[in-house]
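Let's walk through this structure together, one feature at a time. Have the sequence and the 3D view ready as you read.

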Amino acid sequence: MDIQNLKIVFDQKIQAIQNIEKLNELKIEYTSKKGLIQGLMQEMKNLSNEEKRSFGQKVNEFKEEVLKQIELKEKLLKQAELNHRINNDKIDITLDSYNFNRGNIHPLNLVVKEIEDLFISMGFEVVEGSEVESDFYNFERANTPLNHPARDMQDTFYINKELLLRTHTTAIQTRVLDERETLPIKVICPGKVYRKDDDDATHSHQFMQIEGLVVGENLSVSDLKATLQKLADKMFKNGREIRFRPSYFPFTEPSFEVDVSCHICNGKGCNTCKNSGFIEVLGSGMVHPKVLEDAGFDATRYSGFAFGLGVERIAMLKYGIDDIRNFYVNDLRFNRNFKRFE
Ligand code: DAH
């Protein structure tokens with residue numbers, strides 16, 4: 001085939017090419033060592049010297065032309081590919097973003113967090129325990145020996161004779177007392193607790209408590225009262241009135257049931273406080289000397305106060321919830337209401 005025809009065929013072929021791979025194949029076909037142009041060179045040996053010169057020149061010109069066109073086509077193809085990508089990959093910034101459905105903190109955890117934050121700001125440490133607890137720390141160390149009548153109220157789920165699902169966060173208190181050697185102790189202990197209880201609108205066999213414990217020198221009921229006043233102001237509304245009623249717990253002496261003036265009616269009387277003007281919120285007292293002595297502290301020198309509150313109860317009062325079961329059924333229509341309190 002003469003050069004003229006080769007050129008025509010090459011022009012046709014290169015025009016039809018649409019991608020880089022095919023272009024590379026064409027380049028190999030024409031310019032490689034075994035390619036068409038090299039084939040033309042082979043024919044030189046049959047020519048006279050005169051002819052060789054002009055033929056060689058033509059072949060070289062053709063080769064240059066082929067390389068130039070391939071280079072040009074390569075640029076065009078790359079540009080076309082880039083344009084294609086730009087058009088297809090483009091981001092429409094006017095589109096709405098994905099509406100991620102972010103969850104929210106459960107109301108009970110909201111209350112725990114709020115109380116933790118308050119006590120941390122007063123220099124307390126947060127300590128957690130284990131839900132499976134020993135009879136020893138749950139009862140014995142809380143001055144509630146076997147056959148003590150106070151055990152009746154806190155009958156629970158036993159794993160065996162020694163192990164049970166803790167009935168109160170006081171079990172964390174007794175462990176802290178046992179483990180610490182230096183004073184003062186200032187801890188707050190949140191956690192789940194279990195009891196044999198009727199499941200109704202205000203009771204559940206599983207609920208949450210927060211225990212508070214302070215042990216040191218020169219502590220008295222006034223320290224307890226001032227601490228609980230802060231708690232009441234923070235959890236309900238500033239200016240709450242606190243009322244102590246005598247009570248009994250084996251691990252405190254004296255013991256108190258603590259009421260807070262109603263945050264709805266300011267003490268005038270309403271449905272929430274059952275017209276009494278006060279709401280019962282927690283149990284508390286001065287740590288019983290026996291509890292301190294059992295843990296190795298000299299009760300003639302050191303004293304302490306403690307309290308235990310029900311998280312559900314605080315949350316129900318704070319958010320006006322009338323059935324405790326709302327906390328446990330995981331109805332998102334209920335849970336989502338608390339996003340705004342985060
Ligand atoms: N543990 C008690 C209960 O669950 C609550 C309680 C009362 C805790 C007095 C205390 C306390 O720390 O001093 O009923």
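D323 and R325 form a salt bridge, with their closest N and O atoms 3.0 Å apart; the term stands for a side-chain nitrogen of Lys or Arg within 4 Å of a carboxyl oxygen of Asp or Glu. R325 counts as partly exposed at 38% relative accessibility, where buried means under 20% relative accessible area, exposed over 50%, and partly exposed in between (1.4 Å probe, protein chains only). This is a predicted model, in which local features need pLDDT of at least 70 and side-chain atom pairs count only at pLDDT 80 or more, while totals for chains, interfaces and linings use all residues. Residues are numbered from 1 along each chain as its sequence is written, and side-chain values use heavy atoms, leaving out hydrogens and water.

Across the whole structure, a search finds 18 salt bridges. One of them pairs K318 with E114, the closest N and O atoms being 3.4 Å apart. K318 lies in helix α10 (residues 311–319) and E114 in helix α5 (residues 107–121), so this pair ties together parts that are 204 residues apart in sequence. Helices (H or I, at least four residues) and strands (E, at least two) are DSSP runs, numbered from the N terminus.

E280 forms a salt bridge with R245, at 3.6 Å between the closest N and O atoms. Because E280 sits in strand β8 (residues 278–287) and R245 in strand β6 (residues 242–249), the pair ties together parts 35 residues apart in sequence. E280 is partly exposed at 37% relative accessibility, and R245 is partly exposed at 30%. Salt bridges that share partners join R243, R245, D259 and E280 into one network.

Now for the cysteines. How many disulfides does a search of the whole structure find? The search finds zero, a disulfide being a pair of cysteine sulfur atoms within 2.5 Å. For C262, the nearest cysteine sulfur is that of C265, 3.6 Å away. C262 is buried, at 0% relative accessibility. The sulfur of C270 has its closest cysteine sulfur in C262, at 3.7 Å, which is too far for a bond. C270 is buried as well, with a relative accessible area of 16%.

Finally, look at the loop between β4 (185–194) and β5 (206–216), where S204 lies. S204 counts as buried at 8% relative accessibility. A polar atom of the S204 side chain lies 2.6 Å from the backbone oxygen of Q206.

Conventions
Polar contact = N/O pair within 3.5 Å; in protein donor to acceptor, adjacent residues only side chain to side chain.
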